[in-house]
Amino acid sequence: MNDSIIKDIPEIHSAIAGKSKEIGFTMPSDLYVGTLLKTLVASKPNGSFLELGTGIGLSLSWMVDGMNKKSRLITVDNDPKLIKIARDYFGDDHRLEIFCEDGSEWIGNYKGGKFDLIFADAWPGKYSEIDGILDLVSLGGFYIIDDMMAQPNWPKGHLDNVDRLVDYLENREDFVLTKMNWSTGLIIAVRTK
């Protein structure tokens, strides 16, 4: 499947992609991950969503596009330059809260409700603070992670981190999961109890 088949790209996505090239941001989100996020977010009307690893806002654009008027979304990143760009694009959307904060600290300090979908695209919530973040997934809610297939930019030994995470998730009795050899390699987990 080529990118020209994707017809429902959010309007704002091309502007953010252009900004990404302009500043040399080298970790853009995959379009296919974006389409999946939009679909899953749309399956939870009036939902509560969390993105860990805002980046420049490409995945965020898909998630926002899938939300209805009563949904809310929190996105967290520790890079002030990228958060400023995300705020430039999304700061007027009353459904969003954009935090420039260390993800580990944010997870540790969060006292709000659970989330219908968590997209963990950063070290915190994926390779650290995993118990804390999984506790924030509501019953029937999704936990989504990408980049599970080997990437050329991975540091030496990172595959061991991935293998440990996958093994941990497969052995949890309160989630069911699907490992997908698609896009950058995805895991979709759903809380069942």
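The exercises below, each with a worked solution, concern a predicted model.

**Exercise 1.** Determine how helix H2 is oriented relative to helix H3, and which residues make the contact of H2 with H3.

*Solution.* Begin with the geometry: the axes of H2 (residues 31-42) and H3 (residues 58-66) come within 7 Å and cross at roughly 30 degrees. Angles under 35 degrees count as roughly parallel, and H2 is therefore roughly parallel to H3. The handedness of this crossing of H2 and H3 is right-handed. Sorted by class, the residues of the contact of H2 with H3 comprise six nonpolar, four polar and two charged.

**Exercise 2.** Carry out the analysis for helix H1 and H3, stating the angle, the orientation and the classes of the residues in contact.

*Solution.* The axes of H1 (residues 11-23) and H3 lie 9 Å apart, and the two helices pack at an angle of about 175 degrees. Because angles over 145 degrees count as roughly antiparallel, H1 is roughly antiparallel to H3. On the H1 side the contact is made by Ile12, His13, Ile16 and Ala17, and on the H3 side by Leu58, Ser61 and Trp62. The contact of H1 with H3 has five nonpolar and two polar residues, with no charged residues.

**Exercise 3.** Locate Asp174, decide whether Asp174 is buried or exposed, and identify the residue joined to its side chain by a polar contact.

*Solution.* Asp174 sits in the loop between helix H7 (158-170) and strand S6 (175-180). Its relative accessibility is 15%, and because buried means under 20%, Asp174 counts as buried. The side chain of Asp174 is joined to that of Arg191 by a polar contact of 3.1 Å. If neighbours within four places in sequence are left aside, Asp174 is in contact with Val190, Arg191, Thr192 and Lys193.

**Exercise 4.** Classify the accessibility of Ala42, and state how far apart Ala42 and His158 are in space.

*Solution.* Ala42 belongs to helix H2, and with a relative accessible area of 45% Ala42 is partly exposed. Ala42 and His158 are separated by 116 residues in sequence and by 33 Å in space, C-alpha to C-alpha.

Key. Residues numbered from 1 in each chain as written. Predicted model: local features only at pLDDT ≥ 70, side-chain atom pairs only at ≥ 80, totals over all residues. Heavy atoms only, no water. Axes fitted to C-alpha atoms, helices over the stretch in contact; angles between N-to-C directions. Helix = DSSP H or I, 4+ residues; strand = E, 2+ residues; numbered from the N terminus. Parallel < 35°, antiparallel > 145°, perpendicular 65-115°, else oblique. Left-handed = near helix turned anticlockwise from the far one by under 90°. Contact = heavy atoms within 4.5 Å. Nonpolar A, V, L, I, M, F, W, Y, C, P; charged D, E, K, R; others polar. Buried < 20%, exposed > 50% of the residue type's maximum accessible area, 1.4 Å probe, protein only. Polar contact = N/O pair within 3.5 Å; in protein donor to acceptor, adjacent residues only side chain to side chain.
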